[in-house]
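This report goes through a protein model, with attention to its cross-links and charged pairs. The sequence and the structure come before the details.

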Amino acid sequence: MHKLATGQLLATVCCVALLPQLLYRSIGANGQHQPGDETCETLPSEIHLIKEEYDELGRLYRTCNGDVTVNKCEGKCNSQVQPSVITATGFLKECYCCRESFLRERQMQLTHCYDPDGVRMTDHDSATMEIRLKEPIDCKCYKCGDLVR
């Protein structure tokens with residue numbers, strides 16, 4: 001049984017609408033969302049991973065950790081808030097968020113492994129741990145709430 005202590009590795013930056021006059025979006029002649037000055041991009045990010053491994057009885061066998069560089073999505077997307085007589089809040093909001101458009105799975109090794117007493121493991125089979133994680137390889141602006149996977 002394996003447990004990844006850091007949880008999900010994907011970072012999503014989303015938009016928050018505060019005041020109608022502060023938010024905008026580019027609208028083309030056909031009324032569709034246009035990229036304009038959006039800065040949504042894939043950027044490298046260094047994170048510290050910790051993964052614990054348990055034996056068949058549920059006892060901690062080893063803990064491995066390491067610093068790894070993974071991609072994240074970051075940037076801004078154009079959004080809009082406008083007055084509306086149709087909605088209950090009195091505003092129509094169109095929010096676009098910087099999200100992953102394609103993921104890849106990577107394999108990497110954690111090279112700092114310790115037994116339950118905190119002693120560094122040195123034998124060949126236990127000194128490193130291979131892990132798999134998913135990271136974005138491309139990011140773009142999507143309407144908030146839309147599923148892309």
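## Salt bridges

The model is a predicted one, and the count of salt bridges in it comes to seven. Side chains of opposite charge can pair when their charged atoms come close.

One of these salt bridges joins the side chains of Lys76 and Asp37, with 3.9 Å from N to O. Lys76 sits in the loop between S5 and S6, and Asp37 in the loop between strand S3 (33-34) and strand S4 (41-54), so the pair ties together parts that are 39 residues apart in sequence. Lys76 is partly exposed, at a relative accessible area of 40%, and Asp37 is partly exposed with a relative accessible area of 40%.

Arg62 and Glu53 also meet through their side chains in a salt bridge, at 2.5 Å from N to O. Arg62 and Glu53 are both buried. Another salt bridge is formed by Lys72 with Glu74, where the closest N and O atoms are 2.9 Å apart. Arg104, Arg106 and Glu135 are linked in a network of salt bridges.

## Disulfides

How many disulfides does a search of the whole structure find? The search finds five disulfides, among them the pairs in this table.

| Pair | S to S distance | Torsion about the S-S bond |
|---|---|---|
| Cys40 and Cys98 | 2.2 Å | about 80° |
| Cys73 and Cys139 | 2.0 Å | about -80° |
| Cys97 and Cys144 | 2.0 Å | about 90° |

The disulfide of Cys40 and Cys98 is right-handed, because the torsion about its S-S bond is about 80°. This pair links distant parts of the chain, with Cys40 in the loop between S3 and S4 and Cys98 in strand S8 (residues 96-110), 58 residues apart. Cys40 counts as buried at 17% relative accessibility, and Cys98 is buried with a relative accessible area of 1%.

For Cys73 and Cys139 the torsion is about -80°, so the disulfide is left-handed. Cys73 lies in strand S5 and Cys139 in strand S10 (residues 129-143), and the pair therefore ties together parts that are 66 residues apart in sequence. Both Cys73 and Cys139 are buried.

The torsion of about 90° makes the disulfide of Cys97 and Cys144 right-handed. Cys97 is buried, with a relative accessible area of 3%, whereas Cys144 is partly exposed at 24%.

## A buried serine

Ser79 is in the loop between strand S5 (60-74) and strand S6 (80-83). Ser79 counts as buried, at 8% relative accessibility. A polar atom of the Ser79 side chain lies 2.9 Å from the backbone nitrogen of Tyr96.

## The chain as a whole

The secondary structure of the protein chain comes to zero helices and ten strands. Of its 149 residues, 30% count as buried. Among contacts with a separation of 6 or more, 70% come from residues 24 or more positions apart. The chain exposes about 9,600 Å², and carbon and sulfur atoms supply 52% of that area.

The average pLDDT of the chain is 79, and 74% of the residues score at least 70. Among the elements, strand S1 (residues 2-4) has the lowest mean pLDDT (39), and strand S9 (residues 112-114) has the highest (97). Over residues 1-33, pLDDT stays under 50.

Methods. Residues numbered from 1 in each chain as written. Heavy atoms only, no water. pLDDT = per-residue confidence, 0-100. Helix = DSSP H or I, 4+ residues; strand = E, 2+ residues; numbered from the N terminus. Contact = heavy atoms within 4.5 Å. Buried < 20%, exposed > 50% of the residue type's maximum accessible area, 1.4 Å probe, protein only. Areas by Shrake-Rupley, 256 points an atom, 1.4 Å probe, with all protein chains shown as cover. Polar contact = N/O pair within 3.5 Å; in protein donor to acceptor, adjacent residues only side chain to side chain. Salt bridge = Lys/Arg side-chain N within 4 Å of Asp/Glu carboxyl O. Disulfide = S-S within 2.5 Å.
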